[in-house]
Amino acid sequence: MTEKTAITPPTHTTPPAKFSHGVKKGNILQVAGQVGFLPAVEGQPPTPAGDTLRAQTLQTLANVAAVLEEGGAGWEDVIMMRIYLTDTAHFAEFNEIYDAYFADLKSVPAARTTVYVGLPAGLLVEIDALAVLG
């Protein structure tokens, strides 16, 4: 039986409970929901990348990418992404940022975007991803 391996990049804080930023089992890598926190600084609380959707989305994508990389994957390995926005008014802007970010991706993943109001105060976007390696 293939073991599960918890994935926590050096840029991320240690999770505050029994969960991981990512989990790899065999050739499957699930990236847990990431938000737009700047890279962790020991002894300091997590800090959002800014208060704009653009700043937070780009940092969130960087945080997802860090987990993918730590798990031996990249964007081309991602088959599904789930995006959670806190405001329906952000859909168009998010799509522009997303399209520009992935403009050079050969094969785009399936994606689902929904509105979710349960993110911590000030956070505007959360993204998780499922990758299959090999």
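Q: What order do the strands of the open sheet have?
A: This is a predicted model. Its open sheet has six strands, in the order E1-E2-E3-E6-E4-E5. The pairing is mixed.

Q: Which strands are at the edges?
A: Strand E1 (4-7) and strand E5 (110-115). Each pairs on one side only.

Q: And how many degrees does the twist average?
A: From one strand to the next, the twist averages 10 degrees.

Q: Take E2 and E3. Do they pair in the parallel or the antiparallel sense?
A: Antiparallel, over four bridges. E2 covers residues 22-25 and E3 covers residues 28-35. Lysine 24 has leucine 29 in E3 as its bridge partner.

Q: Now the helices. Which strands does H1 touch?
A: H1 packs on the sheet and touches E1, E2, E3, E4 (78-85) and E6 (125-132). Its direction makes about 155 degrees with that of E3.

Q: Where does H2 lie?
A: H2 lies across E4, E5 and E6. It runs at about 150 degrees to E4.

Q: At what angle do H1 and H2 pack?
A: About 45 degrees, with their axes 10 Å apart. H1 spans residues 53-70 and H2 spans residues 91-101. That angle makes H1 oblique to H2.

Q: Is the crossing left-handed or right-handed?
A: The crossing of H1 and H2 is right-handed.

Q: Which residues make the contact?
A: From H1, they include Leu53, Arg54, Thr57 and Leu58. From H2, they are Glu93, Phe94, Ile97 and Tyr101.

Q: How many are nonpolar, polar or charged?
A: The contact of H1 with H2 has eight nonpolar residues, one polar and two charged.

How values were computed
Residues are numbered from 1 along each chain as its sequence is written. This is a predicted model: local features need pLDDT of at least 70, side-chain atom pairs count only at pLDDT 80 or more; totals for chains, interfaces and linings use all residues. Side-chain values use heavy atoms; hydrogens and water are left out. Axes are lines fitted to C-alpha atoms, for helices over the stretch in contact, and angles run from 0 to 180 degrees between N-to-C directions. Helices (H or I, at least four residues) and strands (E, at least two) are DSSP runs, numbered from the N terminus. Angles under 35 degrees count as roughly parallel, over 145 as roughly antiparallel, 65 to 115 as roughly perpendicular and the rest as oblique. A crossing is left-handed if the near helix is turned anticlockwise from the far one by less than a right angle, and right-handed if clockwise. Contact means heavy atoms within 4.5 Å. Ala, Val, Leu, Ile, Met, Phe, Trp, Tyr, Cys and Pro count as nonpolar, Asp, Glu, Lys and Arg as charged, and the others, Gly among them, as polar. Two strands pair if DSSP finds at least two bridges between them.
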